[in-house]
Amino acid sequence: MKDLIEKKEYIENQINELKIIADEFSKDNDIITAKLMDTKETHNQILRNRNQLKVEFKEKLDKFKRLITLVNKYKNNQKKLLCRQYELQLENLINQANQIEFKFDTNIFTDFDKLKVINSSIFPIFDQKKNEYYELQKRRLKEYILMNIINNDMGDRIYNLNLLSMYENHFNEYVLFPYIKRKIELKFDYHFRGNKPTNRLDKPENMFDFFIKELGEAYDLYDIYKVAIDKEPLFEFSQIIELVTDLANLKVSEIMNSRSLQKRSLLLHFVEEYDKFGQSINQLYNYQISIEKICLTVTNMQIEFIDKRMNEIHQMSYVQWFKAYKELIKENFQFIIKYKFVLTDITLEDTISFINLHSKEFIDNLRFINREEIRGLCLIYSNIENLKEFISDEEIQIRNNHVQVPDNLIGRSLEILSSLNSDIFKLIKNLVENDADKLIRRLHPFNYINDESKRLFIIETARVLEDYKMCENYNVIDNLLADYLDAFILENVILSIRFTSNDFLEFRTFYNKLKNVFLEKNWNSDEGCAAIEALFDGRSLNTRLFVVVKRLYVDQ
């Protein structure tokens, strides 16, 4: 029963809650319905407004189209009006330009000024065409002037050169020098470049005659030009001469780059003609042409020639060298004298330097394992001494026979050769000393040397001396070897051995024969022999050696 009561209460509570919910829903529904009606009304109002706007837009669009039509009509009318105005302005500008006559006289520059001030900020194409017309008239005027400055009538030439001066001042443009430059260059290219018959490397005199002719014509223009303008020109005539020498130097490069086997002959012939050309320029225009580039070229070529000739000489036997050296030196002397005007940096010293270098290299390779190399060294030494005399004699002869001789004709040639021979002679003396040591070893100890060995010693000494006899300073070598043997005999024989009378006689015989091998000189051993002879004879001598010998023979 209790359960049923509780369920009843529960169900009643549920029913009450549902009633409450239903009441709330009814209220919400009314609110929503009211809002929906408001929204629907708002939507309808919007649709009414939209339709109204469409009507208004269509009306305004029609008005705008009518306005556009009116504006376009106005623009077209204005455009036609402005075009006509511009046409009239352009016609006026063109008429102003066409009224300028540009007569080729001194008033033409006023015409150029008139044309220059005709400007239009609204017609850029007119300004462009006007500038082109300005340059055309300017070019025509220049061509007219340049065509008439070579007129044979002096008055016309002066007039046109004066007109040229006005042109240069008015347009701030150099005309005469570029004109002369271009004229000479064109003619030069036509006649002396490429495969033209006139372009002959073996006939440079034709080119230099051409230069003389062109410079003469250019100077006439330049001289009249100075008179016409009554002031110093804007360029020096020396600039035209320098232009010509630059063109001449192009031919030097062409010769050096050619494959001709006669390249050296071609260049030297060119140099001779270049010298004549330079003398003519100096006489005509009191101007010394530049020789810097050609000097360097000739100097390098001559050094290459000397190097080549030296290589050929050194393919020969050394006994033939110095004869060939003299021929080369003589030829080099003649070359320096003949081409002294361009050989500012070359002397005989260049040739001698090659000789010095190769001689040192040759001697450094000698090992002196045979007597032939010693004889060869002596021959070289003597030939160098002879070469020094030859150079001195040639220099004296040249200075006596020629007025203008370079001060540094031989440079340091003699000093170089003297230094070389000084080193060679030191080496020769060392070889002599070495030979002396070898000979002395054959005499030691002297007590045990038999007569045959002594005889062979003298023969060997003579043979050694014979190897040095071709040396220019043989007497010095003879004395040097004699001094070595003299010192040994005195110290190790005369002052060290007690001779019997017979032994001393045999020694004197050997000693005298040995002395006869050498040139006549005083030997210190002579005093020692005299002291021994005095002791054997019972005499006394007042010498230092006598005291030493007496101590050896008597006091012991």
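Accessible areas were computed by the Shrake-Rupley method with a 1.4 Å probe, and for residues only the protein chains shown count as cover. On this basis the protein has an accessible surface of about 34300 Å², with 51% of that surface belonging to carbon and sulfur atoms. The structure is a predicted model, in which local features need pLDDT of at least 70 and side-chain atom pairs count only at pLDDT 80 or more, while totals for chains, interfaces and linings use all residues. Residues are numbered from 1 along each chain as its sequence is written, and side-chain values use heavy atoms, with hydrogens and water left out.

Turning to the fold, the protein contains 18 helices and zero strands (DSSP runs of H or I with at least four residues, and of E with at least two, respectively). The radius of gyration, taken over C-alpha atoms, is 59 Å, well over the 24 Å that the globule rule gives for 556 residues, so the protein is more spread out than a compact globule. That rule is 2.2 Å times the number of residues to the power 0.38. Along the principal axes, the C-alpha atoms fill a box of roughly 185 × 140 × 45 Å. Among contacts (heavy atoms within 4.5 Å) between residues at least 6 apart in sequence, 68% join residues at least 24 apart.

Of the 556 residues, 37% count as buried (under 20% relative accessible area, 1.4 Å probe, protein chains only). Cysteine 295 is buried at 5%, and cysteine 529 is buried at 1%. The count of disulfides comes to zero, a disulfide being a pair of cysteine sulfur atoms within 2.5 Å.

Notes
Buried means under 20% relative accessible area, exposed over 50%, partly exposed in between (1.4 Å probe, protein chains only).
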